[in-house]
Amino acid sequence: MPLFKSATRELPEIRAIPRHIAIIMDGNGRWAKKRFLPRIAGHSKGVETVRDAVAASIEQGVEYLTLFAFSSENWRRPVEEVNLLMQLFVSALENEVAKLKKNGVRLRVIGDLSRFAPKLQELIRNAEAATAENSRLHLTIAANYGGRWDIMNAMNQLTREKPEAAGHWTETELEAYLSTAFAPEPDLFIRTGGEERISNFMLWQLAYTEFYFTETLWPEFGGEALKAAILSYQRRERRFGRTSEQLTESR
């Protein structure tokens, strides 16, 4: 069973600070291009911004932070860039896990990891194990992830484990098999870099999430930018299907 309420079935608690923030970290390549640097330089700078986002999330009291690092469609990029991204992922795991552990951050990586090199898969398993006891911030990296893959993967697991109930499954049963079943649905979704789409990211989970789009490229999206996104979120009226009058009456 899912650990948290779903906004499509129950009214979740509305907090001033989003409990869960999900981010598409877009604009690394364009940041590098503007500076006449190779695209990988932008991705390297983006890793530094991840550190800032983690620190700002902890400071603001965010409990869950999910970052879209590499989509299942990103394999279509030039082979050289993909290889360099994999190397950067390895380097980040080797250099950052000790800091995450020290700062109370629990790391998870979601997605179809079977396509990654054995060394990278091992580093991911070790990183998750090393931080498993932490709870100050739950940091999730989505890698070789796609929202449709997530739903189909959950459905396939449900089919294998409960074939006798085929045709009668509920949303609650399916959600328990999603790769983010350990987390509440995102309250706030952020996409940097000026694009305004969700690009196959957390299709099920974002049903009632507040969206925030910014022209700021990811390498320039620091702690203050995250605070600005949270401030925008705080100005929203989250009705979850109700009217504004109902919200006023319930206060």
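Rings of Phe, Tyr and Trp (its six-membered ring) pair if their centres lie within 6.5 Å. The model used here is predicted.

**Exercise 1. Find the residues that form one aromatic cluster.**

Step 1. Search the whole structure for aromatic pairs: there are twelve.
Step 2. Pick out the cluster: Phe68, Tyr145, Trp149, Phe189, Phe201, Phe211 and Phe213.

**Exercise 2. Classify the pair of phenylalanine 70 and tryptophan 75.**

Step 1. Take the ring centres: they are 5.0 Å apart.
Step 2. Take the planes: they stand at 80°.
Step 3. Planes over 60 degrees apart count as edge-to-face. The angle here is 80°, so this pair is edge-to-face.
Step 4. Look at the surroundings. Phenylalanine 70 is buried, with a relative accessible area of 5%. Arginine 115 lies over the face of tryptophan 75, at 4.1 Å from the ring centre.

**Exercise 3. Describe the pair of phenylalanine 189 and phenylalanine 201.**

Step 1. The centres are 6.3 Å apart, with 45° between the planes. The pair is tilted.
Step 2. Phenylalanine 189 is in strand 5 (residues 188-191). Phenylalanine 201 is in the loop between strand 5 and strand 6 (210-213), twelve residues apart from its partner.
Step 3. Check burial: both residues are buried.

**Exercise 4. Which face of helix 5 is buried, and what does it pack against?**

Step 1. Helix 5 covers residues 147-161. Its buried residues are Gly147, Asp150, Ala154 and Leu158.
Step 2. The buried residues pack against strand 4 (137-145) and helix 6 (171-175).

Definitions and conventions:
Residues are numbered from 1 along each chain as its sequence is written. This is a predicted model: local features need pLDDT of at least 70, side-chain atom pairs count only at pLDDT 80 or more; totals for chains, interfaces and linings use all residues. Side-chain values use heavy atoms; hydrogens and water are left out. Helices (H or I, at least four residues) and strands (E, at least two) are DSSP runs, numbered from the N terminus. The expected span of a helix is 1.5 Å times one less than its number of residues. Buried means under 20% relative accessible area, exposed over 50%, partly exposed in between (1.4 Å probe, protein chains only). Contact means heavy atoms within 4.5 Å. Rings of Phe, Tyr and Trp (its six-membered ring) pair if their centres lie within 6.5 Å; planes under 30 degrees apart count as stacked, over 60 as edge-to-face and the rest as tilted. A charge sits over a ring if NZ of Lys or CZ of Arg is within 6 Å of the ring centre and within 35 degrees of the ring normal.
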